[in-house]
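User: I would like to learn how to read a few local features in a model of this kind. Please take them one at a time.

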Amino acid sequence: MFARGLKRKCADSEDSPPAPPACSLQRQSLLDMSLVKLQLCHMLAEPNLCRSVLIANTVRQLQEEMSQDSAWQVPAPASAGRGPLERLVSTEILCRTPWEQQGGHSAADSGGSPAPDLLSEPPGAPSAQAPRGAPGCAWEAASPRESRGGFQRSLDQIFETLDSKAPRAAEGLFADVDGPYYDLDAVLTGMVGAKSVPGDGFETLAPTGAPPPGVSYKRDLGELDHVVEILVET
Amino acid sequence: MAGAGGGGCPASGNDLQWCFSQVKGAIDEDVAEADIISTVEFNYSGDLLATGDKGGRVVIFQREQENKSHPHSRGEYNVYSTFQSHEPEFDYLKSLEIEEKINKIRWLPQQNAAHFLLSTNDKTIKLWKISERDKRAEGYNLKDEDGRLRDPFRITALRVPILKPMDLMVEASPRRIFANAHTYHINSISVNSDHETYLSADDLRINLWHLEITDRSFNIVDIKPANMEELTEVITAAEFHPHQCNVFVYSSSKGTIRLCDMRSSALCDRHSKFFEEPEDPSSRSFFSEIISSISDVKFSHSGRYMMTRDYLSVKVWDLNMESRPVETHQVHEYLRSKLCSLYENDCIFDKFECCWNGPDSAIMTGSYNNFFRMFDRNTRRDVTLEASRENSKPRASLKPRRVCPGGKRKKDEISVDSLDFNKKILHTAWHPNDNIIAVAATNNLYIFQDKVN
C-alpha cells in the first residue's frame, strides 16, 4: 500500500499545474477501500458503530474534496487517456461484484434489483441509473472509449452515484428509508433479516476473477441485494 | 533511584528498573480466540487482579502475602477464582449474536469480607460477589454426612452442628443482572464515588444505575440524532470523577471530551465543560479524524487531571483548561506515515487503553509488537518496553526498546516495517499503590515489578 499517508494538501497545491490523476487516483482508491469496508462491516454479525461512523465520515470528506476538485479541475491532455483506465483499475474491487455479470445486460437489469450498486441511491432514484445500468459497469463500458471529455464524464458519473438529489449515499448509510419496516435501532445494530452467512458475503466480494456459477450466483445476488438495501437504508 | 522497598512514595515510571515477575496464560503459538484478554483491572487495594477474556470468562488473581523470610520480595499473583461471567446469546429479534466478550471489569470498593465487581459485555452488566468459604458445618440432625436425609423418626438425640475448617473455596455468584438498557454496544462502566451508583455507556447513550436496582436505569446522555442520517459522532468512553459524585466525562470519536454535572439537569446533553484541542492544519490528512478518535479516558487519582488516548498519542488535560491539553505524549509517531496501510488492515481502529500510576506521576499505554510505553510526567522521560516470552526469566530486567522510524537502523533498534501489528497491547493496569503493572498481550498476562534493591 502507500508508504505515506494521504495528504490533503496535494489537492490544495496550486503552484504547479495540479496533478489530478495521481491525487484523485489515490483518493478514488481510498474511497473504494472505504466503501468496501463499509459493506463488509455491515455483513458482520455485529457491526461496530464507531468504525462505521468514522469510515462514513472519511467517505464524506473524500466526496467533498472530489466535488470541489471537479469544479476547477481541467484534465491534463497527457493523462486523459490514462485516467479512465486507472480509474477502472482502482474501482476494480467494486466492479468485481455480482453486478459485473449484469455489465453485458445492463438494459435488461435496470429494472431488476432495487439497488444494484454499492454507490447507488436508495430505491427512490433508480431512474438516474437505469439508462446506464449498473454505474460500475458503466465506468467499465464507457471508459476505454473516452478521451478527455470522457474523463470528465466518468467523474460526473461517480458524483451522480455518490451524491445526488435527496440523501447523499454516505449519509444514506444511516438513514432509515423504510421507516415502517425497520426498527431504527435494530437496523443500526445489525442486519435485520439478513440471511447471508459471512462466508457467502466474502465470497461474492472477493476479487476472485472467475465468474461464479449461475445458479448459486443468483442466490448470492439476492442476498447481496438484500444486504445492500440494508447498507443504503442504514 | 527507586524508593526504598515497600515504604514511602514509589518513584515514577522511569527511575525504576522494571523486571519480569510472572506471566499467565498458554505458551502455545496457536491462540484460541476465546483466550484473548479483553480487560485488566486491579481492585482498590491491589491485592486482587481481574482479567476478562473474549470467551466471557473472568479470572481473578490474588497477591500472596509477603514472605516473612524475604520481607522485601513482593508477593506473587496466583489464581484466586475463575468463573464464566457471560455466555454467548442470540438476539432473535435482530438475528444477531451477542458476543460474550468481557468489555470491562470494574471493582467495587470493599465493604465486607466479600469482593464485588461489575463485568459487562456488549449488552448486559453483571454484579458478581466473590466470597471465601473456609468452614463447613458438620453434625446436622436432619441429614447425615453424605447429605442424605435422615428419617425424622429415627432421630433419638439432638446435637448442635459445629463449624469445621475446610479447604478454602472461592465462590463467585451473580448478585445482580442489569440487562436490556442498551441498544448499542457498551464500551464503558464506571462506579461512582458514592459507591451506590454506576454508569454504563454505549455508542450513543449513557445510563445511570443504582447497584441495588436492576429493572430500571436513568438515561443521562443521549446523542442519538433524530435523523440517523446526521450521525457523525459516537461516544467512545465514559468515567465518573473519583471524588465528585455528580461529575462524569465522556469522550467521542471526534476527539472531544465533555464533562457533565448531574446536578444541572436530569439529561446531561449539555455539557458543563468541553475539551478539544484545535487541529494542526499542517498535519491534516484524510485520517485526521480517525486518529483523533479517543479510545480511553481516565481521571487521575487526584481528580485534578484526566488523560485521553487517541491513536498516536496520550494527552493529559487539566480539568480547569478546556482549550488544550497540558501534556501530549507521542506513543508511536512513526506510524503517522503508515496510516493508509493501517487503515487498510483496520489497525487504525484499534482501541488502546491508558492508565495512571498511584501518585499520578507516570502514565502507561500499549502499542504494537507487544511494546508498551511509560511516560514520567516529572522528568519528561519515556521508555518503551516489551512483553515477551524471551524476557521471561524471573526478575530479569526489561531492556528499553527502540523503533527506528526509517533509514538507517542502529543496532538493537527495530524498523517500523518489522513491527508485528497482530501483537497489540490494548489493556494495561497499574497497581494503585505499588510499582506493579499488569500488561495483557493477546492471551498472556504479564506482571512486571520494579527491582527492589
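Analyst: This is a predicted model. Begin with a charged residue: B:Glu100 is buried but forms no salt bridge.

User: Which side chain of opposite charge is nearest to B:Glu100, and how far away is it?

Analyst: That is B:Arg57, at 8.5 Å. A salt bridge requires a separation within 4 Å. B:Glu100 sits in the loop that runs between β7 (96-98) and β8 (104-107) of chain B. Beyond its neighbours within four places in sequence, B:Glu100 contacts B:Asp53, B:Lys54, B:Gly55, B:Gly56, B:His86, B:Glu87, B:Pro88 and B:Asn121.

User: Is B:Phe448 buried or exposed?

Analyst: The cut-off for buried is under 20% relative accessible area. B:Phe448 has 1%, so it is buried. This residue belongs to strand β32 (residues 444-450) of chain B. Leaving out residues up to four places away in sequence, B:Phe448 touches a set of residues including B:Trp18, B:Phe20, B:Phe372, B:Leu398 and B:Ile437. B:Cys19 is also one of its contacts; the two C-alpha atoms are 5.5 Å apart, although 429 residues separate them along the chain.

User: How should I read a sheet, and in what order do the strands from β20 to β23 of chain B lie?

Analyst: Strands of a sheet pair through backbone hydrogen bonds, in a parallel or antiparallel manner. Here the order is β20-β21-β22-β23 in chain B, an open sheet of four strands with antiparallel pairing. From one strand to the next, the twist averages 15°.

User: How many bridges join β22 and β23 of chain B?

Analyst: Four bridges join β22 (residues 313-318) to β23(B), in the antiparallel sense. B:Lys315, for example, has B:Thr328 in β23(B) as its bridge partner.

Note on methods
Residues are numbered from 1 along each chain as its sequence is written. Chains are lettered from A and ligands numbered from 1 in the order in which they are written. This is a predicted model: local features need pLDDT of at least 70, side-chain atom pairs count only at pLDDT 80 or more; totals for chains, interfaces and linings use all residues. Side-chain values use heavy atoms; hydrogens and water are left out. Helices (H or I, at least four residues) and strands (E, at least two) are DSSP runs, numbered from the N terminus. Buried means under 20% relative accessible area, exposed over 50%, partly exposed in between (1.4 Å probe, protein chains only). Lys and Arg count as positive and Asp and Glu as negative; His and the chain ends are not counted. Contact means heavy atoms within 4.5 Å. Two strands pair if DSSP finds at least two bridges between them. Axes are lines fitted to C-alpha atoms, for helices over the stretch in contact, and angles run from 0 to 180 degrees between N-to-C directions.
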